[in-house]
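These are my notebook entries on the secondary-structure packing of one chain. I record what I looked up, with the cut-offs used.

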Amino acid sequence: MNLATAMTPEALLEVKNLVKHFPVDNSDDVVQAVDDVSFDLIQGETLGLVGESGCGKSTVGRCLLRLIEPTSGEVLFEGKNIVGLPNKEMQMLRREMQIIFQDPYASLNPRLSIRSIVSEPLKIHGIGNKNEQNERVADLLKKVGLDPKYADRYPHEFSGGQRQRIGIARALALDPKLIICDEPVSALDVSVQAQVVNLLQQLQDDLA
């Protein structure tokens, strides 16, 4: 008799014993922001970190992308440990790993148009010419429920929910495999929180 063995999907992200301590000024003490966190994330899966304010959720997210450096532990993306990876290699890897920040007011440069903000990742990584980048911006704005004709407006002309949609469009620009959401609705009015959550769910379904 032949027995078929179900294969366990490989993890897109593996976090092993992640630690982040912050030094205290003029002291030998440290603040233990993150202490021995481990989890796996399969491609197409959503994982939520739940905890009270100040417990280290945002610190974990930033450590995963090395926006801040972990004190110790491993972060394996597609089997490769990114902790200690040279900056040049890390920059290339960030095409596959993006973040949606908590505060849509602080995360968008007020001096840049929406077109410039959303196309910035494409320019940094040298993807497409100007016309192709403009087409990509228009497509991304449609995906997040905004009219492409608003591309030349500036962040102050939009509501908080609309700004977060712009932040989501920017995060999607490079078709990343992993998106870290740092409490993406906590700074929004209750009336629009559900809209943004539903948008994220729909995008995951569409892009999976």
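Entry 1, the sheet. I looked up strand 3 (residues 72-77) and found two bridges joining it to strand 4, with the two strands running antiparallel. Strands here are DSSP runs of E with at least two residues, helices are runs of H or I with at least four, and both are numbered from the N terminus. Two strands are taken to pair if DSSP finds at least two bridges between them. The bridge partner of Phe77 is Lys80 in strand 4. I then traced the open sheet, in which four strands follow the order 2-1-3-4 with antiparallel pairing. Strand 2 (30-42) and strand 4 (80-81) are the edges; each has a single partner strand, so one side of each lacks a neighbour in the sheet. Helix 1 (residues 57-64) packs on this sheet and touches strand 1 (11-23), strand 2 and strand 3. Contact means heavy atoms within 4.5 Å. I noted about 115 degrees between the direction of helix 1 and that of strand 1.

The model is predicted: local features need pLDDT of at least 70 and side-chain atom pairs pLDDT 80 or more, whereas totals for chains, interfaces and linings use all residues. Residues are numbered from 1 along each chain as its sequence is written, and side-chain values use heavy atoms, leaving out hydrogens and water.

I found four bridges between strand 5 and strand 6, which run parallel. Ile100 stands opposite Cys181 of strand 6. Strand 6 has Leu178 and Ile180 on its covered face, and Ile179 and Cys181 on the uncovered one.

Which elements do the buried residues of helix 5 pack against? I listed strand 5 (97-100), helix 3 (114-124), helix 4 (130-143), strand 6 (178-181) and helix 6 (190-207). Twelve of the 13 residues of helix 5 are buried (under 20% relative accessible area, 1.4 Å probe, protein chains only). Among them are Arg163, Ile166, Arg170 and Leu172. Helix 5 (residues 160-172) reaches 19 Å from its first C-alpha to its last, close to the 18 Å expected at 1.5 Å a residue; that expectation is 1.5 Å times one less than the number of residues.

I recorded an angle of about 115 degrees between helix 3 and helix 4, with axes 9 Å apart. Axes are lines fitted to C-alpha atoms, for helices over the stretch in contact, and angles run from 0 to 180 degrees between N-to-C directions. The contact includes Val118 and Leu122 of helix 3 and Val137 and Leu140 of helix 4.

Definitions and conventions
Buried means under 20% relative accessible area, exposed over 50%, partly exposed in between (1.4 Å probe, protein chains only).
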